[in-house]
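Biologist: I would like to learn how to read a protein model. Can we go through it feature by feature?
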Amino acid sequence: MTKSQATLPRKVQWDGSLFKGASAYYERGRLPYAPGFVETLAKVLGLDGDGRLLDVGCGPGIVSLALAPLFAEVVGLDPDQDMLAEAERQAARRGVANTRWVAARAEDLPAGLGEFRAVLFAQSFHWMDRDRVAATVLSMLEPGGAFIHMSELKDQFGESIQQPRPVSHPVPPYDEIRELVRRYLGPVRRAGRGTLPNGTPGREDLVLARAGFENVERHTVPAGQLVERSVDDVIAWVFSRSDSAPHLFGERVADFEQDLRALLQKASPDRGFAEYLPATAIMTWRKPQGDR
């Protein structure tokens with residue numbers, strides 16, 4: 001860990017294997033958020049380069065770095081040291097100087113990090129003790145400050161909204177990929193050392209209402225751009241996920257990758273795939289103005 005990363009005490013046991021080995025694949029494998037999400041947040045929250053942002057579960061810093069110009073300081077918090085190391089490399093490469101990276105769980109907050117204008121959860125809130133974290137975040141926000149939840153736009157079953165099939169290349173065979181993962185890891189979705197038989201929780205609106213937040217706003221940032229994906233891009237997507245991170249396959253990881261490559265080559269003999277970028281769903285809640 002470098003000097004700009006701070007390790008905070010862990011009061012709750014963390015399964016450090018949840019994304020073990022995934023950081024090297026994350027940025028290449030994951031589809032980006034809709035390109036207009038930065039402008040949308042700037043307009044919705046009136047961001048002007050002042051104040052501080054806390055990005056909880058920041059991973060390799062993709063969203064933190066995109067939003068850095070809108071704040072005086074951005075703090076990225078994540079329990080995975082490899083993710084933070086990648087975030088710091090990316091910040092240095094891009095010349096972003098107003099970020100720092102803290103190794104801790106969300107449950108460790110407030111951890112002496114101070115007050116923030118906004119606290120962001122980009123596809124991370126479902127991994128946490130949500131009621132506990134929401135109550136703590138409320139106490140860390142300045143009056144009128146914003147709790148931000150970002151994710152891909154999902155349907156009522158929690159799946160990404162389906163879009164028309166592109167004509168240039170086939171869509172990655174996601175159903176077949178999931179079946180191959182099940183053949184290697186078993187029928188129940190893996191998550192680090194544990195399992196997720198019922199998936200991850202939803203209804204963030206109920207959690208935030210219980211915590212005392214108000215004035216919820218929902219915004220959809222449209223996308224739809226055609227993204228071409230190589231075989232290696234799709235493999236990176238698989239290995240970037242908690243339910244198919246490289247360590248879960250143990251000594252069979254090379255065999256799995258060989259079978260995955262064969263599956264992808266069969267699905268697209270020219271070794272190319274394409275899909276439309278999904279829209280981004282943004283929900284914001286406010287801390288009451290008179291609440292200290």
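Biologist: Which residues does serine 240 touch, not counting residues up to four places away in sequence?

Modeller: First, a caution: this is a predicted model. For a contact, look for heavy atoms within 4.5 Å. Serine 240 touches Phe19, Ala22, Tyr25, Tyr26 and Arg30, with residues up to four places away in sequence left out.

Biologist: Where is serine 240 in the chain?

Modeller: Serine 240 sits in the loop between α8 and α9. Now compare sequence and space. Serine 240 and glycine 21 are 219 residues apart in sequence. Their C-alpha atoms are 8.0 Å apart.

Biologist: What share of the protein's residues count as buried?

Modeller: The protein has 292 residues, and 50% of them count as buried.

Biologist: How many helices and strands does the protein have?

Modeller: There are 9 helices and 12 strands.

Biologist: Let us turn to helix packing. At what angle do α8 and α9 pack?

Modeller: Read the angle and the distance between axes together. α8 and α9 pack at about 135°, and their axes are 10 Å apart. The two helices are therefore oblique to each other. α8 passes α9 in a right-handed crossing.

Biologist: Which residues make that contact?

Modeller: From α8 come Val231, Asp232, Val234, Ile235, Val238 and Phe239. From α9 come Val253, Phe256, Glu257, Leu260, Arg261 and Leu264. Then sort them by class. The contact of α8 with α9 has 9 nonpolar, no polar and 3 charged residues.

Biologist: How do α6 and α8 pack?

Modeller: Helix α6 covers residues 174–185, and helix α8 covers residues 231–239. Their angle is about 50°, with axes 12 Å apart. α6 and α8 are therefore oblique to each other. The crossing of α6 past α8 is right-handed.

Biologist: Which residues of α6 and α8 meet?

Modeller: Tyr174, Ile177 and Arg178 in α6 meet Val234, Trp237 and Val238 in α8. By class, this contact has 5 nonpolar, no polar and 1 charged residues.

Biologist: Which residues does a cis peptide bond join?

Modeller: A cis bond joins leucine 109 and proline 110, with omega about 10°. Proline 110 lies in the loop between β4 and β5.

Biologist: What is the phi of alanine 111?

Modeller: Alanine 111 has a positive phi of about 55°, although it is not a glycine. Alanine 111 also lies in the loop between β4 and β5. Its relative accessibility is 28%, so alanine 111 counts as partly exposed.

Biologist: And where is asparagine 215?

Modeller: Asparagine 215 is in strand β9, which spans residues 214–221. Its phi is positive, near 55°. Asparagine 215 is exposed, with a relative accessible area of 51%. The cut-off for exposed is over 50%.

Terms used: Residues are numbered from 1 along each chain as its sequence is written. This is a predicted model: local features need pLDDT of at least 70, side-chain atom pairs count only at pLDDT 80 or more; totals for chains, interfaces and linings use all residues. Side-chain values use heavy atoms; hydrogens and water are left out. Axes are lines fitted to C-alpha atoms, for helices over the stretch in contact, and angles run from 0 to 180 degrees between N-to-C directions. Helices (H or I, at least four residues) and strands (E, at least two) are DSSP runs, numbered from the N terminus. Angles under 35 degrees count as roughly parallel, over 145 as roughly antiparallel, 65 to 115 as roughly perpendicular and the rest as oblique. A crossing is left-handed if the near helix is turned anticlockwise from the far one by less than a right angle, and right-handed if clockwise. Ala, Val, Leu, Ile, Met, Phe, Trp, Tyr, Cys and Pro count as nonpolar, Asp, Glu, Lys and Arg as charged, and the others, Gly among them, as polar. Buried means under 20% relative accessible area, exposed over 50%, partly exposed in between (1.4 Å probe, protein chains only).
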